[in-house]
Amino acid sequence: MADRPRMTLTATVLDTPDPRGLARFYAALLDWPIGTDDPEWVTLRPGGPALSFQLEPDHVPPVWPAGKGDPRMQLHLDVAVDDLAAAVEFAVSLGATVAGFQPQDDVRVMRDPAGHPFCLYIEG
């Protein structure tokens, strides 16, 4: 095995037909500042783990839960909250939707405006 060079994961990137719109959604949801703001690439850089949003005009939202042949979720974001009901209400006010299928009582599966699933949960 070769010597390991320094490697740092800087961001998770979400494809979307509207990078600026989806970045504004997550900036408001997480109270994170927008960094780079271009029509095809927008970043949120809070000083730690980050999110970026890349233009993908042909983005197809995953199906949750996925059936045979459905576009599958390849990742989702987990967001710790202190009040689950209030967090759901706030996320919906920003444009999120509550997924129809909820596998756990103490977690809410949500969909962002581009259809990416994310979970709100009480850490504890």
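**Reading the terms for this predicted model**

Mentor: Valine 81 stands opposite isoleucine 122 in β8. This is a predicted model, in which local features need pLDDT of at least 70 and side-chain atom pairs pLDDT 80 or more, while totals for chains, interfaces and linings use all residues. Residues are numbered from 1 along each chain as its sequence is written, and side-chain values use heavy atoms, leaving out hydrogens and water.

Trainee: What makes β5 and β8 a pair?

Mentor: Two strands (DSSP runs of E with at least two residues; helices are runs of H or I with at least four, and both are numbered from the N terminus) pair if DSSP finds at least two bridges between them. Between β5 and β8, which covers residues 117-122, there are five bridges. That count meets the requirement of the definition, so the two are called a pair, and their sense is parallel.

Trainee: To which sheet do β5 and β8 belong, and in what order do its strands stand?

Mentor: They belong to an open sheet of four strands, ordered β5-β8-β7-β6, with mixed pairing.

Trainee: Why are β5 and β6 said to stand at the edges?

Mentor: Each of these two strands has a single partner, so one side of β5 and one side of β6 lack a neighbour in the sheet.

Trainee: How many bridges join β1 to β4, and how many join β3 to β4?

Mentor: Strand β1 (residues 11-16) is joined to β4 by six bridges, and these strands run parallel. Strand β3 is joined to β4 by four bridges, and that pairing is antiparallel. The hairpin of β3 and β4 has five residues between the strands, and in it glycine 47 takes a positive phi near 105°.

Trainee: Why is threonine 43 called buried?

Mentor: The relative accessible area decides: under 20% is buried, over 50% exposed and anything in between partly exposed (1.4 Å probe, protein chains only). Threonine 43 has a value of 3%, so this residue counts as buried. Threonine 43 is located in strand β3, residues 41-44.

Trainee: Which residues is threonine 43 in contact with?

Mentor: Contact means heavy atoms within 4.5 Å. With neighbours within four places in sequence left aside, threonine 43 has contacts with Pro33, Ile34, Gly35, Thr36, Leu51 and Ser52. The side chain of threonine 43 also reaches the backbone nitrogen of threonine 36, at 2.8 Å.

Trainee: Is leucine 51 buried or exposed?

Mentor: Its relative accessible area is 4%, so leucine 51 is buried. This residue is part of strand β4. Apart from residues up to four places away in sequence, leucine 51 touches a list of residues including Ala11, Tyr26, Trp32, Thr43 and Leu77.

Trainee: Why is aspartate 31 called exposed?

Mentor: The value for aspartate 31 is 69%, so the residue is exposed. Aspartate 31 is placed in the loop between α1 (19-30) and β2 (34-38). Its phi is near 60°, which is positive in a residue other than glycine.

Trainee: What makes tryptophan 64 and phenylalanine 101 an aromatic pair, and how many such pairs are there?

Mentor: Rings of Phe, Tyr and Trp (its six-membered ring) pair if their centres lie within 6.5 Å; planes under 30 degrees apart are stacked, over 60 edge-to-face and the rest tilted. By this rule there are five aromatic pairs. For tryptophan 64 and phenylalanine 101 the centres are 5.8 Å apart and the planes make an angle of 50°, so the pair is called tilted.

Trainee: Why is this pair said to tie parts of the chain together?

Mentor: Tryptophan 64 lies in the loop between β4 (50-55) and β5 (77-81), and phenylalanine 101 in the loop between β6 (97-98) and β7 (107-111), so the pair links parts 37 residues apart in sequence. Both members are partly exposed: tryptophan 64 at 27% and phenylalanine 101 at 39%.

Trainee: What else does phenylalanine 101 touch, and what bond joins tryptophan 64 to proline 65?

Mentor: Besides Trp64, phenylalanine 101 touches Pro65 and Val109, not counting residues up to four places away in sequence. The bond between tryptophan 64 and proline 65 is a cis peptide bond, with omega about -15°. Proline 65 is in the loop between β4 and β5.

Trainee: Which residues form one aromatic cluster?

Mentor: That cluster is made of Phe25, Tyr26, Phe53 and Phe118.

Definitions and conventions: A polar contact is a pair of N or O atoms within 3.5 Å; within protein, one must be able to donate a hydrogen and the other to accept it, and residues adjacent in sequence count only if both atoms are side-chain atoms.
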